[in-house]
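Please walk through this structure with the sequence and the model side by side. The paragraphs below move from a pocket to the sheets and helices around the chain, and end with some details of the backbone.

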Amino acid sequence: KLKQKVASPTSTCRFSRPQVFHLQSAQHPRKLPKMTTKINVRPDGVGVLTLCNPPVNSLASSLMESMDANFQKLATDPAVKAIVITGEGNFFCGGAEISEFGKMTSKGPDGFGPDESPVKALTDVFDKVDACPKTVVAAVNGMALGGGLETALACHYRIGLASVSVGLPEVTLGLLPGGEGTQRIPRVAPLEVFLPMLLTGAPLNAAKAHKAGILDAIVKSNVVDEAAKFALSMPPNPISKRPVLAATRFKALGGALEMTLNQASQKAKGMIAPAAIIKCVEAACSNISFEEGVKEEGRQFKKLLFSVQSAALRHLFFSERLANKVPGLKEKPAPIKKVGIVGAGLMGTGIAICFIQKGVPVILKDAKQEWLDNGVKSINKIWNGQASKGRLSADKLKQYQSLLKPTLSYDDFKDCDIIVEAVPEIMSLKKEIFQALDKSTKPDALICTNTSGLNIDEIAAELKDPSRCMGTHFFSPANVMQLLENVRTAKASDKTVATCMEMGKMIKKKAVLVGNCDGFVGNRMLAPY
């Protein structure tokens, strides 16, 4: 049954087999252009090394080779008094170049020595930064994730912009921080802060990172200048020479690691990465040296890298990103500044929340005041619940509420950029709504339907210009579920497709372009089961 004819991702397939995308395997990395670093020496004698691999300055092997050579130049130059490491653009570093892991795994586990980490080239450079006799400061100008945070931790100090965030998300790929992160972060941050970072991958904002000791200072602007001043005023202080915090050792010996592992195992049943991470933290909290702890990290990283779980999660990582790309689509999306929703039921209110929580004003319409009031109440119930648990501030709650405008009139959609119809699956009702929307919206507004199975081409035919119609199939509850099927109709324009795909990114959905067929792809896959 699986060996079915594959349809073109740009075609429609009403009453035909679901469309399938050929996705690049995580085990077959794309060919990367050569990435590099650049250096310059400021008038104050501070050498600046900049990571240059847009858009996220990932640590490709070519970049690490360049970083190694350029860092040594600054370290040995007698005119350089101190060193600052930063990232190009608005990103410090997004971590390892994940597509290169396929090259590592192609060697097989026996391709590495018993205590050799597959990312030894990375850790060797970090060791040189750590051991530098000159003060090295990370100027964290943007997000520092995974190997990016490990790059910053290899430096003696870290100065960050107030807008940055830091994190160690490797566990989401079935891995652990293999760039000595499991050994360095226990030496600067308390256990109750760094363990959740390691086990969930959740990032910290700058204020929390500063309070935890991960960032040494926060600045509002000119982070490189401030880092240079800091570097000239402070002596070298490598994290590898610092002891693990006494409170962390005490808690580790008191059973905190076992308790945390049990909790993590319940949330991520069957996953092997949390246990490997705990072993690395145990090593850091024991009496062995930093270097021996790094060896344990390397052994655990290698086990995870060659595991089936990590291979599957890396494949998923690439697949989700490739699914969001539409081959041959060059049209730029239209801006989405205001959204209209027809239907204040479960789906309509969930979709409204998605946009409002991204700062987009929403006009919510229903046919009866009672239905509309119930919809607004259900939205407020969700937000009030978040507020009561401390997840939503009072100011944010007021902001969200100010962005929602309930209405009984189609006239309020006159300046909306996109309208999503989310009423029950009744063809005649949807056609009636589309006829009304055609008369009350601006000519370039997108009119979409959240249908889960009706023929969208038939619905779009009610519009004078069906090129502005697509299906936007959210899954219930829409404010929680990540998948968004954007359904391409026979007459949908490239602008419409591009805008709907960009809309998915804007509200943080995993948007996939599918054809107009029974059940589209998601429900069609589930139907036999």
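**From a pocket to the sheets and helices**

Helix H3 gives six residues to the lining of the second largest pocket, and this is the largest share of that lining. The model is a predicted one, and in it this second largest pocket has a volume of about 540 Å³. Three helices, namely helix H1 (61-76), helix H2 (101-105) and helix H3 (120-130), each supply at least two residues of the lining. In total 23 residues line the second largest pocket, and those that lie nearest its centre are Ser61, Glu100, Met104, Pro118 and Ala121. When the lining of this pocket is sorted by class, 11 residues are nonpolar, two are polar and 10 are charged.

Helix H3 can also be followed to its contact with another helix. H3 and H4 pack with their axes 8 Å apart and at an angle of about 30 degrees. Because angles under 35 degrees count as roughly parallel, H3 is roughly parallel to H4. On the H3 side the contact involves Phe126, Val129 and Asp130, which meet Gly147, Glu150, Thr151 and Ala154 in H4. The residues of this contact of H3 with H4 divide into three nonpolar, two polar and two charged.

Helix H4 (residues 147-154) leads in turn to a sheet, for H4 lies across E4, E6 and E8 and runs at about 95 degrees to E6. These strands belong to an open sheet of four strands, which has the order E4-E6-E8-E9 and mixed pairing. Strand E4 (91-93) and strand E9 (204-205) stand at the edges with a single partner strand each, so one side of each is left without a neighbour in the sheet. Within this sheet, strand E6 (residues 143-145) and strand E8 (residues 165-167) run parallel and are joined by two bridges.

In general, the strands of a sheet pair through backbone hydrogen bonds, and they do so either parallel or antiparallel.

Helix H11 (residues 273-285) and helix H12 (residues 290-305) pack with their axes 9 Å apart, at an angle of about 170 degrees. Since angles over 145 degrees count as roughly antiparallel, H11 is roughly antiparallel to H12. Ala273, Ala276, Lys279, Cys280 and Ala283 of H11 make this contact with Gly293, Glu296, Glu297, Gln300 and Leu304 of H12. By class, the residues of the contact of H11 with H12 divide into five nonpolar, two polar and three charged.

A cis peptide bond, with omega of about 10 degrees, joins Pro54 and Pro55, and Pro55 is found in the loop between strand E2 (46-52) and H1. The peptide bond from Ser476 to Pro477 is likewise cis, with omega near -5 degrees, and Pro477 has its place in the loop between strand E16 (469-474) and strand E17 (483-488). Glu180, although not a glycine, has a positive phi of about 75 degrees, and Glu180 is found in the loop between E8 and helix H5 (181-184).

Technical notes
Residues numbered from 1 in each chain as written. Predicted model: local features only at pLDDT ≥ 70, side-chain atom pairs only at ≥ 80, totals over all residues. Heavy atoms only, no water. Axes fitted to C-alpha atoms, helices over the stretch in contact; angles between N-to-C directions. Parallel < 35°, antiparallel > 145°, perpendicular 65-115°, else oblique. Contact = heavy atoms within 4.5 Å. Nonpolar A, V, L, I, M, F, W, Y, C, P; charged D, E, K, R; others polar. 1 Å grid on protein atoms, 1.4 Å probe; cavity = no way out; pocket = protein on both sides within 12 Å on 5 of 7 lines; lining within 4 Å. Points joined across faces, edges and corners; volume = space filled by probe spheres on them. Pairing = 2+ DSSP bridges.
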